[in-house]
Amino acid sequence: MVKKRALKTIVAIALIAGLIVPAGSGNAAAKTKKKISISKTMNVNVTNFKQLKLKNVTKKQAKNIKWKSSKSSVVKVYKDGMVYGVKKGSAKVTATYKKKKYTCKVTVKQGTSGWAYMLEPDFDPYKSNYKYNIKWHFSDGYFAKNASEYEKNLAEFSTLLSCASGTSAKANELLSVAGFDEMEVNDDYNKEPGKNTLGIGFATKKIKANGKEYTLIATVIRSNGYGAEWSSNLDAGTTGDHKGFTEAKEKLITALQAYIRKKDITGDVKFFFAGHSRGGTVNNLAEAEIADNPDLLSGVSYEREDIYGYNMSALSAVDISDGKNVKDNYKFIHNIFMVYDLVPELMPPEYKFGRYGTDVKIEPTEAQTAKSLALLKKTYPPKEDEDGETEKTLYEIYTDCQPEENAEAILCHFIDTLIKLFPTRADYEAGLKEELEKLFVSGFSMDVIMGLLNTPFGEEFAETYNEVAGYDMAVMELMNFNAIIIQHYTEVIYAFLQYA
């Protein structure tokens, strides 16, 4: 009996002790036993980031995890488990912790926006917290609308493609992340640029719009780094449409015809044209040509509203001396440029040139300018040249020349001087073209303007400029010519489009 009583007493004491154990001590023990795991699957869009973690691992413990992708050409993974979608497809991402492996299948899908990594200089994901500054947007839904409806995202994408088009590889990468197949280029794209060359690229993707299937054909004209090609911009000819651009347009249409035959494209199609400056001008002429003459492209079917022209900083190249209406029937063509960009003002109206379509001028407010400049400053940091000297950034060039104060006067004085010296197209062709071709063979820059001033013609130009301006400011104003040159840069146009 004594033993039984003792046993009951011990049990009772144990039960009481169990009741008075501090709350939570059992939970703490359970927490340490929670199983470490990882999500079995994850989706991420092309050129987007997404965080992958081991569950039930502390921040301190997470530093000891080793991450690896089975296919880094599809999925990249960084040392903290951040996943990046390179292109459509899937890969296994493995986390190794305390000699144990945890695997997640990551699927990269096509999205409608992402980071344009190929255009970001010296991108470092750790310094930037996985944020690029240049973002692309491209949706098949844009092509369900009539082409006459302006779509700002297509204007931005055209600007980015123009910026990337200095090399076919970068342009191809940007088209690829938007869902296009591999871009095919003509021979000129891989040649050293010359006066009569024209780099052209095409790519396609299948889209659905308003219940119908279409082949969307993207056309990209090399609009960056084309050097000597610039000089043919000055070859206006004496009659008809601008000679240099017309020859380039014919080359583009011939290449488009060949591409459609080679790829055996038939049925309903839509077109997206992207280009800047020379590229935008050639596109402008080609867009109107295929709209007015649909039989040019055999085997395919399209309407005028299936042609989406987004031409950045295009020049005037259409002969309107006979009063031709280049606006009303060409609203599917959009010509986008900064308000004080000189290039779209060439050739001037006095030479009877016009542009097909609708002009979209970017006229930023003070607040929009501040935001755009902040983006420029963040995107293009200082860097050193070959001699170790720190180059001026786009932000510094823009703020130094103060376009808001100087650009309008310089632009007006420059064009008025040009007209006073060369009142007609024939005068221009006979007196100015050859001199400018020599200067502009390497492109359009401040060095070119300074070179112009150091010639006999430059002295005459400066004298006439002072007469037009009404004060002796030609050299000073032209030395600040960056105020209108900077308005032509694709990087600047993109930054200002963000807040337009």
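**Cysteines, salt bridges and surface charge in the predicted model**

A search of the whole structure finds zero disulfides. Cys412, by contrast, counts as partly exposed because its relative accessibility is 39%.

Side chains of opposite charge can pair when their charged atoms come close. The count of salt bridges comes to 19. One of these joins the side chains of Lys263 and Glu184, with a distance of 3.5 Å from N to O. This pair links distant parts of the chain, 79 residues apart: Lys263 is in the loop between helix H6 (243-262) and strand E15 (267-276), whereas Glu184 is in strand E12 (residues 184-185). Lys263 counts as partly exposed, at 33% relative accessibility.

Asp359 belongs to strand E21 (residues 358-362) and Lys327 to the loop between strand E18 (318-319) and strand E19 (333-338), so the contact ties together parts that are 32 residues apart in sequence. With a relative accessible area of 31%, Asp359 is partly exposed. Lys327 is likewise partly exposed, at 34% relative accessibility. Salt bridges with shared partners also join Glu184, Lys262 and Lys263 into one network.

Lys243 and Asp235 form another salt bridge, in which the closest N and O atoms are 3.4 Å apart. The two partners fall into separate accessibility classes. Lys243 is partly exposed, with a relative accessible area of 37%, while Asp235 counts as buried at 8% relative accessibility.

Negative charge also gathers on the surface. Glu384, Glu386, Asp387, Glu389 and Glu391 together make up a patch of negative charge there. Of these residues, Glu384 is found in the loop between helix H8 (366-379) and helix H9 (394-401). Glu384 counts as exposed because its relative accessibility is 57%, the cut-off for this class being over 50%.

Asn45 is placed in strand E2 (residues 41-45) and counts as partly exposed, at 33% relative accessibility. Asn45 and Val86 are separated by 41 residues in sequence, and their C-alpha atoms are 8.6 Å apart in space. Gly227 is in the loop between strand E14 (212-221) and H6, and its relative accessible area of 28% makes it partly exposed.

Definitions and conventions: Residues numbered from 1 in each chain as written. Predicted model: local features only at pLDDT ≥ 70, side-chain atom pairs only at ≥ 80, totals over all residues. Heavy atoms only, no water. Patch = residues over 30% accessible without salt bridge, like charges linked within 9 Å, V, L, I, M, F, W, Y side chains within 5 Å. Areas by Shrake-Rupley, 256 points an atom, 1.4 Å probe, with all protein chains shown as cover. Salt bridge = Lys/Arg side-chain N within 4 Å of Asp/Glu carboxyl O. Lys, Arg positive; Asp, Glu negative; His and termini not counted. Charge placed at Lys NZ, Arg CZ, Asp CG, Glu CD. Helix = DSSP H or I, 4+ residues; strand = E, 2+ residues; numbered from the N terminus. Buried < 20%, exposed > 50% of the residue type's maximum accessible area, 1.4 Å probe, protein only. Disulfide = S-S within 2.5 Å.
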